[in-house]
Amino acid sequence: MTIEWSEAFSEDVAEIMHYLDYQYCSRSQKEKFYRRLAKVEMRLAIFPLMGVVLDDPKYQREYRKVRMGTAYLIFYEVFLEEAKVVLHRILTQAQRYDILIREEEMNYTYDE
């Protein structure tokens, strides 16, 4: 399985890095974040169906979520025929994912 990041996932990671900079976190804390992310990606490449399916009737696609450490949830979608996993969002557990995952299109935009 290959792992792909959506544009929104990339923006979420950049936002987390910005937050860590704002909190004056050390370089080692940022590296720890990336190591944890790499570990989740490695597990998803081997066991793509390991995450919990979002049980919400408003989603047509089968989104899954997996925990990264104690602070983050990663939302993703598995494409078995294409042998790929698309990471859609990485959010803190306190955020409301139901309003942040937009199913209409995989290209997330923030224009209002």
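This is a predicted model: local features need pLDDT of at least 70, side-chain atom pairs count only at pLDDT 80 or more; totals for chains, interfaces and linings use all residues.

**Reading the model, one feature at a time**

Trainee: Is Tyr72 buried or exposed?

Mentor: The general idea is to look at relative accessible area, where under 20% means buried. Tyr72 has a value of 15%, so it counts as buried.

Trainee: And which residues does Tyr72 touch, if we skip those up to four places away in sequence?

Mentor: Its partners are Ile16, Phe33, Val66, Arg67, Ile90, Leu91, Thr92 and Gln93. Take Ile90: it sits 18 residues from Tyr72 in sequence, yet their C-alpha atoms are 6.5 Å apart in space.

Trainee: Let me zoom out. How many helices and strands does the protein have?

Mentor: There are three helices and five strands. Reading from the N terminus, their order is β-α-α-β-β-β-β-α.

Trainee: What share of the protein is buried?

Mentor: Of its 112 residues, 38% are buried. As for the surface, the protein exposes about 7,300 Å², and carbon and sulfur atoms supply 52% of that.

Trainee: And what do the contacts say about how the chain folds back on itself?

Mentor: Here you ask how far apart in sequence the touching residues are. Among contacts between residues at least 6 apart in sequence, 50% join residues at least 24 apart.

Trainee: Now charges. How many salt bridges does the structure hold?

Mentor: Seven. To read one, look for a side-chain nitrogen of Lys or Arg within 4 Å of a carboxyl oxygen of Asp or Glu. One example is Glu4 with Lys84, at 3.7 Å from N to O. That pair links distant parts of the chain, with Glu4 in strand 1 (residues 2-5) and Lys84 in strand 5, 80 residues apart.

Trainee: Are those two partners buried or exposed?

Mentor: Let's take each in turn. Lys84 has a relative accessible area of 16%, so it is buried. Glu4 is partly exposed because its value is 35%.

Trainee: Which other residue forms a salt bridge with Lys84?

Mentor: That would be Glu82, with the closest N and O atoms 3.3 Å apart. Glu82 counts as partly exposed, at 47% relative accessibility. Through shared partners, salt bridges join Glu4, Glu82 and Lys84 into one network.

Trainee: What about a charged residue without a salt bridge? Where is Glu41?

Mentor: Look in helix 2, residues 27-46. Glu41 is buried but has no salt bridge, and the nearest side chain of opposite charge, Arg43, is 12 Å away. Compare that with the 4 Å limit for a salt bridge.

Trainee: Then which side chain makes a polar contact with Glu41?

Mentor: The side chain of Trp5 does, at 2.5 Å. Leaving aside neighbours within four places in sequence, Glu41 is in contact with Ile3, Trp5 and Leu87.

Trainee: Last one: which residues form the nonpolar patch on the surface?

Mentor: Met42, Ile46, Phe47 and Met50, with about 420 Å² of accessible area together. Phe47 lies in the loop between helix 2 and strand 2 (52-53). The cut-off for exposed is over 50%, and Phe47 counts as exposed because its relative accessibility is 52%.

Trainee: How far is Phe47 from Met1?

Mentor: Along the chain they are 46 residues apart, and their C-alpha atoms are separated by 8.9 Å.

Note on methods: Residues are numbered from 1 along each chain as its sequence is written. Side-chain values use heavy atoms; hydrogens and water are left out. Helices (H or I, at least four residues) and strands (E, at least two) are DSSP runs, numbered from the N terminus. Buried means under 20% relative accessible area, exposed over 50%, partly exposed in between (1.4 Å probe, protein chains only). Lys and Arg count as positive and Asp and Glu as negative; His and the chain ends are not counted. A polar contact is a pair of N or O atoms within 3.5 Å; within protein, one must be able to donate a hydrogen and the other to accept it, and residues adjacent in sequence count only if both atoms are side-chain atoms. Contact means heavy atoms within 4.5 Å. Patches are made of residues with over 30% relative accessible area and no salt bridge: like charges are joined within 9 Å, nonpolar side chains (Val, Leu, Ile, Met, Phe, Trp, Tyr) within 5 Å. Accessible areas come from the Shrake-Rupley method with a 1.4 Å probe; for residues, only the protein chains shown count as cover.
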